[in-house]
Structures are given as C-alpha cells and as structure tokens.
Amino acid sequence: MKNQNLINALNECVAACNHCASACLAEEGVKMMARCIQTDIVCAEFCSTTAKVIAFDSSVSQEMVDLCRKICSECAAECEKHDMEHCRHCAEVCRRCEEACSAYAA
C-alpha cells in the first residue's frame, strides 16, 4: 500500500501516546503531568486522523502531514521533560513519526 511506512509510524505513535497518557494518569504527581497527558491525547487523535486521510490519498494529505509533524515534535518535546519510561518511549516514537512525516513531504 502507498505510504504504508508513514501509516505504520502514525499508528505506532497513536499507541505510544495513548499508553503514555494512561500511564501518566497513574503517576503520583498526576497534576504535574497534565500538560504531558494533554499533548499525548492531541497527538494520538491527530495521528489517527492523519493515518486515515493518508490512506485515502486526500487533497489535504500534505497539510495534515505537515501539521502532524509539528504536533509530534511538540509531544516529543513535552515527553522528553519527564524521566518516566513511558514518557521516554513516547518521545522516541513521536520523533520517529516526525521523521516519517518529514520524509513524506520530501
């Protein structure tokens, strides 16, 4: 399938962000994790939607991927502020997704 690598990266990012948000909610200092949870949720939702748009090869695919790259970058930056394993993993996956989005644009 066309763009399968990007779709896979987007779906992996959805899973990592959802896991991170869920794990953050279980942290003792959950209030301190509010921004991380919020960026995780936004990133997961946007990556999920972008994967669907890409599969349809829509006329707005490029704009969606560009915005998705930005959102993944912001989510990675937020997760990189935290020492928890789930945040570190999420940041890595978001960076890979950001790279896949950049490769799509190239």
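Which residues are buried in H4? In helix H4, the buried residues are His86, Cys87, Cys90, Ala91, Val93, Cys94, Cys97, Glu98, Ala100 and Cys101. Here "buried" means under 20% relative accessible area, "exposed" means over 50%, and "partly exposed" lies in between, using a 1.4 Å probe and protein chains only. Helices are DSSP runs of H or I with at least four residues, while strands are E runs of at least two, and both are numbered from the N terminus.

Before going on, a word about what you are looking at. This is a predicted model, in which local features need pLDDT of at least 70 and side-chain atom pairs count only at pLDDT 80 or more, while totals for chains, interfaces and linings use all residues. Residues are numbered from 1 along each chain as its sequence is written, and side-chain values use heavy atoms, with hydrogens and water left out.

Now find helix H4 itself, which covers residues 85-105. The buried residues of H4 pack against H1, H2 and H3.

One of these buried residues is His86. Its relative accessibility is 10%, so His86 counts as buried. Leaving aside residues up to four places away in sequence, His86 touches His19, Cys20, Ala23, Cys24 and Glu27. Contact here means heavy atoms within 4.5 Å.

Next, move across to helix H2, residues 34-55. The buried residues of H2 are Cys36, Ile37, Thr39, Asp40, Cys43, Ala44, Phe46, Cys47, Thr50, Ala51, Val53 and Ile54. Among the elements covering them are helix H1 (4-25), H3 and H4.

The side chain of Thr39 reaches the backbone oxygen of Cys36 at 3.0 Å. Thr39 also touches Cys75 and Glu78, again not counting residues up to four places away in sequence.

How do H2 and H4 meet, and within what distance do their axes come? The two axes come within 12 Å and cross at roughly 35 degrees. These axes are lines fitted to C-alpha atoms, for helices over the stretch in contact, and the angles run from 0 to 180 degrees between N-to-C directions. H2 passes H4 in a left-handed crossing. On the H2 side the contact is made by Cys36, Asp40, Cys43, Cys47 and Ile54, and on the H4 side by Cys87, Cys90, Cys94, Cys97 and Tyr104. A crossing is called left-handed if the near helix is turned anticlockwise from the far one by less than a right angle, and right-handed if clockwise.

Just after H2 you will come to Asp57, in the loop between H2 and H3. Asp57 has a phi near 50 degrees, a positive value in a residue other than glycine. With a relative accessible area of 44%, Asp57 is partly exposed.

Finally, let us look at charged pairs. Side chains of opposite charge can pair when their charged atoms come close. A salt bridge is a side-chain nitrogen of Lys or Arg within 4 Å of a carboxyl oxygen of Asp or Glu. By this rule the count comes to six salt bridges.

One of them joins Arg95 and Glu80, at 3.0 Å from N to O. This pair links distant parts of the chain, with Arg95 in helix H4 and Glu80 in the loop between helix H3 (61-79) and H4, 15 residues apart. Arg95 is partly exposed at 25%, and Glu80 is partly exposed at 47%.

Arg95 also meets Glu98 in a salt bridge, at 2.9 Å. Both lie in helix H4, three residues apart, about one turn of the helix. An α-helix has 3.6 residues a turn, so residues three or four places apart point the same way. Glu98 counts as buried, at 17% relative accessibility. Together, Glu80, Arg95 and Glu98 are linked in a network of salt bridges.

Another salt bridge joins Arg88 and Glu85, with the closest N and O atoms 2.7 Å apart. Arg88 is partly exposed at 38%, whereas Glu85 counts as exposed at 53%.

Terms used
Polar contact = N/O pair within 3.5 Å; in protein donor to acceptor, adjacent residues only side chain to side chain.
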